[in-house]
Amino acid sequence: MGDPRLLRVAQPVAAENFDSPALHQLVSDLLDTMLSANGAGLAAPQIGVDQQVVVFGSRSVNPRYPDRPLVSPTVLVNPVITPLGPDGHTVERPPEEEDWEACLSLPGLRGKVPRWLHIHYSGFDQYGDPIERLASGFHARVVQHECDHLWGCLYPMRLRDFSQFGYTDVLFPEVVK
Ligand code: NI
């Protein structure tokens, strides 16, 4: 946090750069970094790359989020997120939910962040194949958190109640760092 590369709106991946060695290398770097840090997700700007690429999810329980549901491993390029109502339609005031988040770019901290409860998201994988999904709860939260990195937004910018922001080892002494 504080690095200006985290505050940019990232560049979309150009059509001709899908399924390229450079994009595959970027995805591999993101996955390696996410896995070694036990992250729930990671966005290209967090490793200094100005591209609209995020990765999230895992095949096994994340020790930093042991009580959260599994989200299938996903590479998402050039994402678009639409908030939805509980019935899956767009509504004027999409419902939100507050829950704790952490970020590998803000080590040692957690905050309670409001996010849309239900979303539709779309984009492409690294091969250029389209991805289109509905998500709710934790899955929707992870997608919103990671995609926020592509718009230059870190989770403290979303906080409404700064009394719900602090050091992980003080707030959650039992949690794996
Ligand atoms: Ni983050």
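1. By class, how many nonpolar, polar and charged residues does the lining of the largest cavity have? There are eight nonpolar, five polar and five charged; Ala, Val, Leu, Ile, Met, Phe, Trp, Tyr, Cys and Pro count as nonpolar, Asp, Glu, Lys and Arg as charged, and the others, Gly among them, as polar.

2. Before going on: this is a predicted model, where local features need pLDDT of at least 70, side-chain atom pairs count only at pLDDT 80 or more, and totals for chains, interfaces and linings use all residues. Numbering runs from 1 along each chain as its sequence is written, and side-chain values use heavy atoms, with hydrogens and water left out.

3. Now the metal. Cys103 (SG), His145 (NE2) and His149 (NE2) coordinate the nickel ion at 2.0 to 2.3 Å. Donors here are N, O and S atoms within 2.8 Å of the metal (3.2 Å for Na, K and Ca), and water is not among the atoms, so sites may look incomplete. Along the chain the donor spacing is C-x41-H-x3-H.

4. Both histidines sit in helix α2 (residues 137–150); they are four residues apart, so about one helical turn separates them. Helices are DSSP runs of H or I, at least four residues, and strands are runs of E, at least two, numbered from the N terminus. His145 and His149 are buried, meaning under 20% relative accessible area (1.4 Å probe, protein chains only). In α2, 14 of 14 residues are buried.

5. After α2 comes Gly152, with a positive phi near 75 degrees.

Conventions:
Buried < 20%, exposed > 50% of the residue type's maximum accessible area, 1.4 Å probe, protein only.
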